[in-house]
Amino acid sequence: MKKIVLLAIITYFLIAPVSYHPDTKLTLRYPELENNSIWDIYGYINSHKLNIPDFHYPPAHYWWLKIHYPISKSFGGNGFDKWLAEGSAQASFNPNVFRYNLASKFPLLVLGLLSGWLIYLIVKKVTNDENKGKLAAICWYFNPITLYSLVIMGQNDIVAIFLFLLGILFYEKWWLTALFWGLASGVKSYPIIWAIMFLLAYEKNVVKLIRKVTSVVLIYGLILLPWLGKSYFTKAVLNSGLSQRLFIPNIPIGFDKQILIVPLLLVIIGLNAWKKNTKGKMS
């Protein structure tokens, strides 16, 4: 397993510096504002005229960026903040772009590497087979989706994935799982769907199922609570294009009515998982 992780480290740190995507740089602009002293990023953007778009992610995503930014800046050194403010095309031709690319992605790469280790531990624990755990880690580290989205693009989804995997690993201690899954949903809202699907597939007792789903939703709600009454938050996050993507694919059925494909598929998958779960034994 150590050799697998070492190979992943070498691969990631060879690819990350020479690949560039502006989204990684853009997200670090938000904590860079006012020297990382802002907590209500939504209100700040609403009250200032800035050359960056609204922050469209839930609050825990910004909390992560407040950790991510100083780590990346310490690796980027002088000129890193100036690079963050450069236009997308201009930034790609900066003489120090390789260093800045690696600096901006470094915390995400670490989480990606740790996520592979968590997958190894989870699969080994469930199957009692170390080789299956290693195979699962290899599939995570070197599949094209991970290499593209994490290493090349530097997407922040890895933060939610890492937290969700922690929740699976500590599933026997439900309060920890609820906390990790609630935080994951506070970074990117869709892990709350993962949590519901997971529980439908593995929790047989209806009362426990409802209690566990409620606890995850409650933590997610507590994260959003300070901003729920603010119109600028509702507009930037809850009503943004990012949050509405699930409801875009549809099948028109006439009379201005549509069948929403993704919600329908989620319901079908969830009910099917629950049906199979209640017939068999929990693994």
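Modeller: L218 lies in helix 14, residues 206-224, where helices are DSSP runs of H or I with at least four residues, numbered from the N terminus. This is a predicted model, in which local features need pLDDT of at least 70, side-chain atom pairs count only at pLDDT 80 or more, and totals for chains, interfaces and linings use all residues. Residues are numbered from 1 along each chain as its sequence is written, and side-chain values use heavy atoms, leaving out hydrogens and water.

Biologist: What is the C-alpha to C-alpha distance between L218 and G182?

Modeller: L218 counts as exposed, at 51% relative accessibility; exposed means over 50%, buried under 20% and partly exposed in between, with a 1.4 Å probe and protein chains only. L218 and G182 are 36 residues apart in sequence, and their C-alpha distance is 7.7 Å.

Biologist: What is the phi of N128?

Modeller: N128 sits in the loop between helix 8 (97-127) and helix 9 (130-142). N128 is exposed, because its relative accessibility is 73%. Although N128 is not a glycine, its phi is positive, about 60°.

Definitions and conventions
Helices (H or I, at least four residues) and strands (E, at least two) are DSSP runs, numbered from the N terminus.
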